[in-house]
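Hi,

Here is the model I said I would pass on.

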Amino acid sequence: MRAIPKGLSSHLAPLNLPAWQYYPEVTSTNDLALAWARNGAEDGSLVLADTQTSGRGRDGRRWVTVPGTALALSLILQPTPDEMPLLPRFTALPALALISALEGLGVPAQIKWPNDVLVQGRKIAGVLVEAEWQQDQISVLVVGLGVNVNNGAIPPASKLRFPATAVETEWGQKVDRWDLLATILHGIQHYRAYLPSESFLMAWNKHLAFKGQEILFRLPTGKVITATIQSVCTDGRLNLMTEKGKSMMVTAGEIEMIHPQGLD
Ligand code: BTN
């Protein structure tokens, strides 16, 4: 029998999740959620862990979850027919929920397209969405979210590709992890109701980091271009303006760093 941390059950009860599992240590909450999804987990089921031995991020990168300091969670979500054409929005879903929780603490945050949450240009959280397929169709999504909650969650600078921060650093107070978790999950339930609507896209664009700024963008080919971020489109693609003034829609790639001129 696994010991459930004090306060976790009482924070999760009002959310009426169909089911949830807590582990002191897992390889990756996404691994367990994918396995559970294959075994018939219901929409909205949650996997939560105190630490991960093989936490992963986008492009096979490592995600560090320091015990007792962070949130590492994966939600199993079965897209409805309305949501199916808009799957990239599931990456923005937990990001917007976290941003709304942070705003409730007076901490403004933004989405670095496609999957990072930033506060003052530093990464506070990352999202990794993975899928289960049936024949050639996605049947279930696993929406993974890792949040640096208290200061100990921030990995050493030598392990970082991008500057990092934690909720405690930005808020200036220790944070109750289960309180924050419940607020985020509530936000996910709230934003999911709007996922197919224009207002979801508006919320995403409102919180888009580096909008109107010149940045360096690494294309999936590896080529790095200078471009200005315009907006996120209905289908989740990022609209960039190239140096030559041409509009360019990208489905993948990475904002590498702020172009020095963009810092003015
Ligand atoms: C990224 O920054 O590229 C995404 C990081 C996503 C980390 C979360 S932690 C919970 C879930 N389990 C994982 O192994 N990854 C995600």
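First, the ground rules. This is a predicted model, so to speak: local features need pLDDT of at least 70, side-chain atom pairs count only at pLDDT 80 or more, and totals for chains, interfaces and linings use all residues. Numbering runs from 1 along each chain as its sequence is written, and side-chain values use heavy atoms, with hydrogens and water left out.

The protein chain has six helices and 12 strands (DSSP runs numbered from the N terminus: H or I of at least four residues for helices, E of at least two for strands). Its radius of gyration is 18 Å, which agrees with the value near 18 Å for a compact globule of 264 residues (taken over C-alpha atoms; the globule rule is 2.2 Å times the number of residues to the power 0.38). Along the principal axes, the C-alpha atoms fill a box of roughly 60 × 45 × 30 Å.

Two backbone spots to check. The peptide bond from tryptophan 113 to proline 114 is cis, with omega near 0 degrees, and proline 114 lies in the loop between β4 (110-112) and β5 (116-119). Asparagine 16, in the loop between α1 (8-12) and β1 (20-26), has a positive phi near 50 degrees.

Now the ligand. Its shell holds 20 residues, with Ser28, Gln52, Arg56, Arg58 and Lys123 the closest (a residue counts if one of its heavy atoms lies within 4 Å). By class that is five nonpolar, 11 polar and four charged residues (Ala, Val, Leu, Ile, Met, Phe, Trp, Tyr, Cys and Pro are nonpolar; Asp, Glu, Lys and Arg charged; the others, Gly among them, polar). α2 (29-38), β3 (70-77), β6 (122-134) and β7 (137-148) each supply at least two shell residues, and β6 gives the most, with four.

Which atoms make the polar contacts (N or O pairs within 3.5 Å)? A polar side-chain atom of glutamine 52 is 3.0 Å from a ligand nitrogen, and a backbone N or O atom of arginine 56 is 2.7 Å from a ligand nitrogen. A side-chain N or O atom of asparagine 115 lies 3.3 Å from a ligand oxygen. The protein covers 98% of the 410 Å² of accessible area that the ligand has on its own (Shrake-Rupley, 1.4 Å probe).

Cheers

Terms used: A polar contact is a pair of N or O atoms within 3.5 Å; within protein, one must be able to donate a hydrogen and the other to accept it, and residues adjacent in sequence count only if both atoms are side-chain atoms.
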